[in-house]
Amino acid sequence: MGKKNRLPPQSKPTGQAAPPPVLSKLFATTLQAAPLLDIPAPDWNEQEVRELWTGAPPEVQQRLGAFIEQFASFGTLLKNRLHGLDEQRTAIEAERQSLVQEREELSAQRSDLSEEQLKQGELRSAFQDEQAQLEAKQSELLRKEQALLVQEAALRGGLVSEREEALKLLREQIGLLEDKRDRLAVEMQAQREQILIRARADAAALIEVASARTLMLQEEAVEQARRSAELDKREERLKMNEELLRVGRSVAVEAVQEELELVQRAAKERETRLQQRLDRKSEELDRLQAELDELEDLRSSAGGDPRALLDELEKLRSECREKDRELQDAHMRLTSDDPAELKAQRDLYLNKIRELDAELVALRSQESNWRRSVTEREDWERAKAAMERSRAVLHEQNDRLRRDVESLLDKREGESAFPALMLMDRDMAVDAHTDPVPKLPQLVSELRSRIAYSGGDGKVLQYSTEDIQIFLGGLAMSHLHILQGISGTGKTSLAMAFAKAVGGHCTTVAVQAGWRDRNDLLGYYNAFEKKYYEKNTLQALYRAQMPQWKDRFNIVLLDEMNLSRPEQYFADFLSALEMNEPDRWINLMDSPAGGMVPALLRGGRDILVPPNVWFIGTANQDETTNSFADKTHDRAFVMELHKFDGEDATLKRPESPAQWSVSSLKKSFSKAVEVWKPQVENLLQFINASELTSLLSKQWHLGWGNRFEAQFKRFVPVVLESGGSESVAVDHMLHSRMFRDGKVVGRHDMGPDDLRTIEDALHLLWEECELEGEPARCVDALGRDRRRMERGG
C-alpha cells in the first residue's frame, strides 16, 4: 500500500520534441523590431538554432520553449509601445508648436516695445530741440539787451527827459521779455517733466508686461515638462476612468429607472388628486345650479324683473311724499276751512296714509328680499363662472395627463423591455483582443504580482502562493466560490483584484436580508409598463456573452452572500450550474414581452449562464447571517482566507495590463487534468479504501459521493500543475467537504474520543499515501471542536 504502487506524477513523452512553431515567429519578430528600433537585424541562423534545440535535453527544451514564446510576444508589445510613443510625440510636438506661437507673440510685443522706445527717443530729441530754441531765444534777448544798453550809452549826451522815457520804455520791454523767458522756461520744464513721467510709466508698463510674459513662458515651460512627465500616467488613469464610467453607467441606468418609476407614481397620484378635485367641483357646480334654479323660480313667482319692482317702489315712495305734502297743506287749511269738511278730509287722508304705510312696509320687505336675491344671484353667477373655468382647467389637465400616459404606453409598445441589454447589443458587438494565459506555475507568480498592485491607491494586496494555487484549483472545480474568513482578510478584495489582474470585469451585488427568489438577483417584468427592470446580475450575464467579453473573465461578486439564504434566491443558479454548459438557461418570465428583443435571449425570455462567468460569494459568520445548507456547500468551492503576515519584496509591479482569455485557461486546466489523471485516480483509490473512509461510513454514514470525486479529479491536478503539493490539495478538499461544521465537526452525537479516533485514521491515511507534512486544516478543525466539547459547549 505504499507509494511504490502509485504511478509516476505525470505521463509526459520522453522523446526529442520538434522545435516549436513559434521559433519562426521569433525570427520574424526580430526582423520587424530592428527597423523600428533603427538598429541592424541580428545575424541569427534559424537552422543553427533548430539544431541546438534538437540537441538540447528535454528540460532545457521546455524552459527554452517558454522563453521563446514570451520573447516572441515582445515584437507586438514593442510595436504597441512605439505606437504609443508616436502618439505622445505628436501631442508634445503640438504643444511645442503652441509654445513657438506664444514666443512669436512675445517677439511681436517686444517689437512694439522697441517702437515705444523709439518714440521716447523722438520725444527726447524734440525736447532737446525745444531746449536749444529756448537757449537761442535767451541769447537773442541778451544780444538785444546789450544793443539797447549801447544805444542808452550813445544817447546819454541827448535830452535827459527823452533819455529817461526811452530808458523806462526799454526797461519795461526788458521786463516783459524776461517774464516771457521765465514763463517759457517753466512751461518747458513742466512739459519735460510730464514727458519724462509718461515715458517712465510706459517703460515700466512695458517692462512689467515683458517680465510677466517671460514668467508665463517659464511657467509654461515647466508645465510642459510636467505634462511630459505625466504622459505615462494618463493611460492608466484613462483605463481606470473607463472602468468607473462603465460601473457609473450601470448605476446611472438604475437611477434613471428608479426616477422614472417615481415620476410615473407621482403622475398617477396627481391624476387621482385632480380627478377627486374635479368630482368635488362638479358636485359644487350642481349645488349652485340648483340654487340658481330656485332663484329663477322665485323671480317668476314675483312677477318680473327685480329691477322693475325697485322702480315701482321708488314711484310709490314719490307718491307717498306727495301725499305727505298734501296732508301738511290740509293741516294748514284746518284753521280757515269748515271744521266738519276738514275733519272728513282728514279722516280720509289718515285712512289713505295707513293704507300707504302698510303698502310701504310690504314694499320695503319685498325690496330687501329682492336686493338679497339679486346679490346672491350675482355671487352665484360669479362662483359658477369660476367653477366653470376650474372645471375646464381640470378637464384640460386630465386630458393632457391621459394623453401623456397613452403616449408613454404607446412608446413603450415600440421599445424593448430590456433597454440596457439592447444597448449592449449595439455597443459591445466588436471582438476584443485577448492573450493566452502563461503556464500555470508562471501564472501563479504573475497573479500574485498583478493582484498585489491592482488597487492603484498605493495599497499592496498580498496573498500567499498557496492561496493562489488553491484559488486556481477552485476555478477549475466549480463556478461558485464561497470565500470565508474574519473581516480584513481580503475576501472581497481577492475577487475584485483577480478580475482586474486578468483583464476581466467584476460586478458587485450587495445581497439583502429579505431576498427570496431569482427576481431579487435578476429583476422583474412590469406588465403595465411593459418593461423588465434589469438588475446588475442580469446585465453581467448578458455582458459576458457579448463579443467584447465572451473570452474574458466575468466575476459576479455576491457580497455578504449569506445575509439571506442562497438556497432560495440562488436556487435557479445552483440547478443551472449542475448542467452542461450549453444547457444552463434560466427563465426570466413566462411569455416574451413585446417590442424589440435582445439578440442573445432565447425566445425573448431565457438567459444563459455562460461558461466565462464565476459567482464568488463572501460570507461572515455572526448573528445576522445564515449558515449554508449542504445543497449550496457541496456544489461550491469553499476557501477560508487568513491574513497574510509576511511581506514578499520580490513582487514586481507589472509593466503593462493583462487581458487573458478564458478559453486558454480552461485548456490549461484540461491539460493538467489529463497529465495528472493516473496519479490522482490512484490517490483517490487509496482514500476510498482507507480506514478513515470506512470509519466515517460505518459509524456516522458519511461518504464522499460522485460529486466529491468529480471535483477532486479537477481540483487536485490544477493545484499540482500550479506548483502545489498533494498534501495541501487533499487537506483542503477533505476540510472543505468533510471536516466542516455539520459534517464531522459541530455534531452532538460525537465525543472527544470519537474525534481522536478520526484524527488517528486521518494520520494513517497520510502515512499510507506518503503525503508530506500533515493535514493541518483538518487537524485544526478537529482540535477546535474537541476543545469546544471539553469546555461543555
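Before I come to the aromatic residues, let me say that two rings of Phe, Tyr or Trp are counted here as a pair if their centres lie within 6.5 Å, the six-membered ring being the one used for Trp. On that basis, and bearing in mind that this is a predicted model, Trp515, Tyr569, Phe570, Phe573 and Phe615 form one aromatic cluster.

Across the whole structure, the search finds 13 aromatic pairs. In one of them, the ring centres of Phe573 and Phe615 are 5.2 Å apart and the planes meet at 65°, so this pair is edge-to-face.

A tilted pair is formed by Phe708 and Phe712, with 5.8 Å from centre to centre and 40° between the planes. These two residues are both in helix α19, residues 705–721, and stand 4 residues apart, which is about one turn of the helix; Phe708 and Phe712 are likewise buried.

Let me turn now to the second largest pocket, which holds about 1,100 Å³ of space. Its lining has 38 residues, and those nearest the centre are Gln484, Glu640, His735, Arg740 and Arg784. Among the elements that give two or more residues to this lining are α10 (465–477), α20 (726–737) and α22 (776–790). By class, the lining comprises 13 nonpolar, 12 polar and 13 charged residues.

Conventions. Residues numbered from 1 in each chain as written. Predicted model: local features only at pLDDT ≥ 70, side-chain atom pairs only at ≥ 80, totals over all residues. Heavy atoms only, no water. 1 Å grid on protein atoms, 1.4 Å probe; cavity = no way out; pocket = protein on both sides within 12 Å on 5 of 7 lines; lining within 4 Å. Points joined across faces, edges and corners; volume = space filled by probe spheres on them. Nonpolar A, V, L, I, M, F, W, Y, C, P; charged D, E, K, R; others polar. Phe/Tyr/Trp six-rings, centres within 6.5 Å; stacked < 30°, edge-to-face > 60°. Buried < 20%, exposed > 50% of the residue type's maximum accessible area, 1.4 Å probe, protein only.
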